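Hi,

Here is the structure I promised to pass on.

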Amino acid sequence: MKPKTNEQLCVLAQRGDAQAQEQLVQNNLGYIRKIANELYQSVGLGNSELGIDHDDLIQEGSIGLLRAISLYDPDKKIKFLTYAGQAIRNAMMDLISSAFTTFEQQLQSKEDGFPMERINLDDLLPGEDSMQRSELIADPYAAEPEKIMVKEENRRELYEGLGRISARDRAYLRYRFGFEDDMEHPLIGTALHFHLSESRAKSTEALALDNLWLELPWWF
């Protein structure tokens with residue numbers, strides 16, 4: 001007997017077939033594991049204090065897949081896994097975000113924070129020069145370098161621009177956008193790497209992108 005497709009199993013699961021639900025998870029466990037491994041590496045969970053392992057991510061991804069069943073519309077002719085893929089990833093990221101929020105609260109409750117081996121961006125560039133400079137930057141330009149980061153044809157100009165900004169900004173951007181390992185790291189993973197709160201990472205990123213923008217040739 002020919003095995004049922006994801007789409008056929010999803011229709012059965014929508015009708016209350018618990019066995020079809022279980023089969024959907026089993027059929028797509030390899031994909032769920034792949035996403036879990038990618039996030040585990042890109043966020044840097046192996047070196048973090050969040051206490052999340054591969055199995056935790058796989059479990060949350062499986063739950064995300066199950067949640068997608070009721071919302072899937074087979075009449076739209078979209079593959080089930082294409083539809084459920086984002087739900088799987090979102091479920092894993094929700095787990096990481098929740099753990100990170102708890103981590104931040106614990107960090108703020110301790111005077112000295114956790115004894116983590118992380119890069120302290122403030123040690124790279126003392127003083128407030130970059131903060132003063134940010135006051136001269138117009139907000140509309142802040143998002144542009146994020147798009148530029150992924151374009152290979154601009155890599156040389158970007159490297160030259162990175163060489164002209166502060167060590168603090170350079171360290172952040174090189175890690176965040178994968179200049180060091182060719183892997184773009186999520187904001188939460190970057191915050192963990194540099195021992196920053198999520199809000200501090202966001203403000204650091206916005207400022208660093210502004211400063212880089214001023215050093216790029218297409219600014220002039």
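Leaving aside neighbours within four places in sequence, which residues is Ser-62 in contact with? They are Val-25, Leu-29 and Ile-32, where contact means heavy atoms within 4.5 Å. Ser-62 has its place in helix 4 (residues 54–71), and is buried at a relative accessible area of 13%. For the cut-offs, buried is under 20% relative accessible area, exposed is over 50%, and partly exposed is in between (1.4 Å probe, protein chains only). Helices are DSSP runs of H or I with at least four residues, numbered from the N terminus.

Some housekeeping before the rest. This is a predicted model, in which local features need pLDDT of at least 70 and side-chain atom pairs count only at pLDDT 80 or more, while totals for chains, interfaces and linings use all residues. Residues are numbered from 1 along each chain as its sequence is written, and side-chain values use heavy atoms, with hydrogens and water left out.

On confidence: pLDDT is the predictor's confidence in each residue, from 0 to 100. The chain averages 76, and 75% of the residues score at least 70.

Now helix 3 (residues 29–43). Its 15 residues reach 21 Å from first C-alpha to last, close to the 21 Å expected at 1.5 Å a residue (the expected span being 1.5 Å times one less than the number of residues). Leu-29, Ile-32, Ile-35, Ala-36, Leu-39, Ser-42 and Val-43 are buried there. They cover an arc of only 165° around the axis, which puts them on the same side of helix 3; the arc is taken from the directions from the helix axis to the C-beta atoms. Just after the helix, Gly-44 takes a positive phi of about 80°.

Next, the core. A nonpolar core is a set of buried Ala, Val, Leu, Ile, Met, Phe, Trp, Tyr and Cys residues joined through side-chain atoms within 4.5 Å. The largest one has 49 residues, and Leu-50, Phe-80, Met-92, Ile-96 and Leu-173 have the most contacts inside it. Helix 5 (residues 80–109) gives the most to this core, with eight residues. Not counting residues up to four places away in sequence, Leu-50 touches Leu-45, Ile-96, Ala-99, Phe-100, Phe-103 and Leu-192.

Finally, the charges. The structure holds three salt bridges, each being a side-chain nitrogen of Lys or Arg within 4 Å of a carboxyl oxygen of Asp or Glu.

- Glu-38 and Lys-34 meet at 2.7 Å, N to O. They are four residues apart in helix 3, so about one helical turn separates them. Glu-38 is partly exposed at 31%, and Lys-34 is partly exposed at 46%.
- Arg-89 and Glu-38 meet at 3.5 Å, N to O. Arg-89 lies in helix 5 and Glu-38 in helix 3, so the pair ties together parts 51 residues apart in sequence. Arg-89 counts as partly exposed at 27%.
- Glu-205 and Arg-176 have their closest N and O atoms 2.7 Å apart. Glu-205 lies in helix 12 and Arg-176 in helix 10 (residues 167–176), so this pair ties together parts 29 residues apart in sequence. Glu-205 is buried at 7%, and Arg-176 counts as buried at 11%.

Through shared partners, Lys-34, Glu-38 and Arg-89 join into one network of salt bridges.

Cheers

How values were computed:
Helices (H or I, at least four residues) and strands (E, at least two) are DSSP runs, numbered from the N terminus.
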